Amino acid sequence: MTLGKSLYRLYCSLNNLVNMKKILLLISFLSLQIINTQATHIVGGEITYVYLGANTYKITLKAYRDCSNIVNAAYDNPLGITIFDSAGVVIQTVNIPFPGSITLPNNANNPCLIVPPNICVQEAVYETTVVLPPIAGGYWIAWQRCCRNNTILNIVDPGNTGASYLTHIPGNFMLQNNTYGYQNSTPKYNNFPPTVICNSYPLTFDHSATDPDGDSLVYSLCDPYLGGSSTNSNPNPEPAPPYNYVTFTNGFSAINPLGGSPPSVTINPSTGILTTTPVNIGQFVVAVCVKEYRN
């Protein structure tokens, strides 16, 4: 039985202006851009949850931003998430105070690469606890932000294209003791990707996750979601899912987001091992999904 799309990650590879033979790789779901300014950008995030018992869930949202040019676009304080039922009816809106942030180390993952001085990524971990009684169809938890970097090459109109982060709590199903309910926690990714990689050099990255329930996990490259707009960059409450997908430019797709023939990036569906040898210089959006299955 599928428990739904639990995690949703995007990669973003950015130009290294110091050496055009290099390419940068950031974990990225969206980029937050203040129009007509040089703004700091939100460049990543993911939503997970842990079942604590008694219909109580601890929700964690990790948000990443580019801290190389801190102007205008601070972290959300508070950050609002929306919880829907399966029919798209808003059940709760939750505002989470800004918890502070840390600057992540730049791991070049290549002894030949000198990390340029303008690479900086910060992480903020928003957490909250909610009570969600069992209902048919379960719940969707969503957060949206706009917009992405104008310099992204593989999607149409990135500067006016936002992103959605979402996760699903499954609905009622039969447990082994012949009672109905659900007790599920999402998988969590085991490693943070390197912030810098070299163009034309092979990279193998362990993109696997660990599921606390022992569910089977299946990995894939998938379509990134749209979310928010340049006129409503931080909707609260969010509109209900399902969400539309971004539109790729010619030569790129969800399963070939970095270009090349054959595709230059692949992921093993069983192990989550991602391999790539980048063939293009630029900034790209790549989505990796993991689905969990029980029994």
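Visitor: What makes the link of Cys146 and Cys147 right-handed?

Guide: The angle about its S-S bond is 75°, and with that value the link of Cys146 and Cys147 is right-handed. Before we go on, please note that this is a predicted model, where local features need pLDDT of at least 70 and side-chain atom pairs count only at pLDDT 80 or more, while totals for chains, interfaces and linings use all residues. Residues are numbered from 1 along each chain as its sequence is written, and side-chain values use heavy atoms, with hydrogens and water left out.

Visitor: How do you know that Cys146 and Cys147 form a disulfide?

Guide: A disulfide is a pair of cysteine sulfur atoms within 2.5 Å. The sulfur atoms of Cys146 and Cys147 are 1.7 Å apart, so the pair meets that definition. The structure holds three disulfides.

Visitor: How is Cys67 placed, buried or exposed?

Guide: Buried means under 20% relative accessible area, exposed means over 50%, and partly exposed lies in between (1.4 Å probe, protein chains only). Cys67 has 8%, so it counts as buried. Its disulfide partner is Cys120, with the sulfur atoms 1.8 Å apart. Cys67 sits in the loop between strand 4 and strand 5, and Cys120 in the loop between strand 7 and strand 8, so the link ties together parts 53 residues apart in sequence. Strands here are DSSP runs of E with at least two residues (helices are H or I runs of at least four), numbered from the N terminus.

Visitor: Why is the disulfide of Cys222 and Cys289 called right-handed?

Guide: Because the torsion about its S-S bond is about 85°. By contrast, the link of Cys67 and Cys120 has -90° and is left-handed. Cys222 lies in strand 17 and Cys289 in strand 20, and both cysteines are buried.

Visitor: What makes strand 5 mostly covered?

Guide: Seven of its seven residues are buried. Leu79, Ile81, Ile83 and Asp85 are on one side, with Gly80, Thr82 and Phe84 on the other.

Visitor: What makes Lys58 and Glu127 a salt bridge?

Guide: A salt bridge needs a side-chain nitrogen of Lys or Arg within 4 Å of a carboxyl oxygen of Asp or Glu. For Lys58 and Glu127 the N to O distance is 3.6 Å, so the pair qualifies. Lys58 is in strand 4 and Glu127 in strand 8, 69 residues apart.

Visitor: Why does Glu127 count as partly exposed?

Guide: Its relative accessibility is 42%, so it counts as partly exposed. Lys58 gets that label too, at 32%.

Visitor: Which residues are linked in a network of salt bridges?

Guide: They are Asp213, Asp215 and Arg294. The closest N and O atoms of Asp213 and Arg294 are 3.4 Å apart, while Arg294 and Asp215 meet at 2.8 Å. At 17% relative accessibility, Arg294 counts as buried, whereas Asp213, at 34%, counts as partly exposed.
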